[in-house]
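Work through the exercises below on charged side-chain pairs. Try each task before reading its solution.

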Amino acid sequence: MDLVVLATPGHLITLAQRGFARLSEARLKPLGFGIGHLPVLVALREGVANTQRDLARFARTEQPPMAQMLARMERDGLIRRTPDPADRRSSRVALAETAEDRLPDAIAALLAGNREALAGFSDAEAAQFVAMLQRVIANLDQIAGAEPQAAGGRGGGAPADDA
């Protein structure tokens, strides 16, 4: 078996993503959040999106999974939906007070996890690492014909901010 494939960027990024996801889930669960909630919460807080369609686009997911997640988030009191006055078939999504209150702690926990994961990196190395990941993501988007993301990467934060 050719072990070189296990040292490719794609494989190593996948392993890093899994590690970040485990770390993030462990730190977010006590706050009532999951890692999948973060793009929605950030988009709503920053005013970047407020419809299911726009949230799905921002989070880079399809609408059916976004609809399911929004239903769970509404059930858990993290968001509230109101009818869209311009389009009765649609609704506007907003952060519930509970989510607004907990979001700063969630962000702090994720940023602390990133600092721990990047232990031994200088500030310049960490910034370069993030910039390189953003370039890889942009290249992959171009290959796939996807819409390019804003400078922060997925979910409005730098890729390394997901944990």
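At 25% relative accessibility, Arg27 is partly exposed, a class that lies between buried (under 20% relative accessible area) and exposed (over 50%), using a 1.4 Å probe and protein chains only. This is a predicted model, in which local features need pLDDT of at least 70 and side-chain atom pairs count only at pLDDT 80 or more, while totals for chains, interfaces and linings use all residues. Residues are numbered from 1 along each chain as its sequence is written, and side-chain values use heavy atoms, with hydrogens and water left out.

**Exercise 1.** Find the salt-bridge partner of Arg27 and state which helices the pair links.

Solution. Step 1: apply the criterion, a side-chain nitrogen of Lys or Arg within 4 Å of a carboxyl oxygen of Asp or Glu. Step 2: Arg27 meets Glu116, with N to O at 2.7 Å. Step 3: Arg27 belongs to helix α1 (residues 9-28) and Glu116 to helix α5 (residues 97-117), so the pair links distant parts of the chain, 89 residues apart; helices here are DSSP runs of H or I, at least four residues, numbered from the N terminus.

**Exercise 2.** Describe the pair Arg45 and Glu46.

Solution. Step 1: their closest N and O atoms are 2.8 Å apart, in a salt bridge. Step 2: Arg45 is partly exposed at 43%, and Glu46 is partly exposed at 48%.

Notes: Helices (H or I, at least four residues) and strands (E, at least two) are DSSP runs, numbered from the N terminus.
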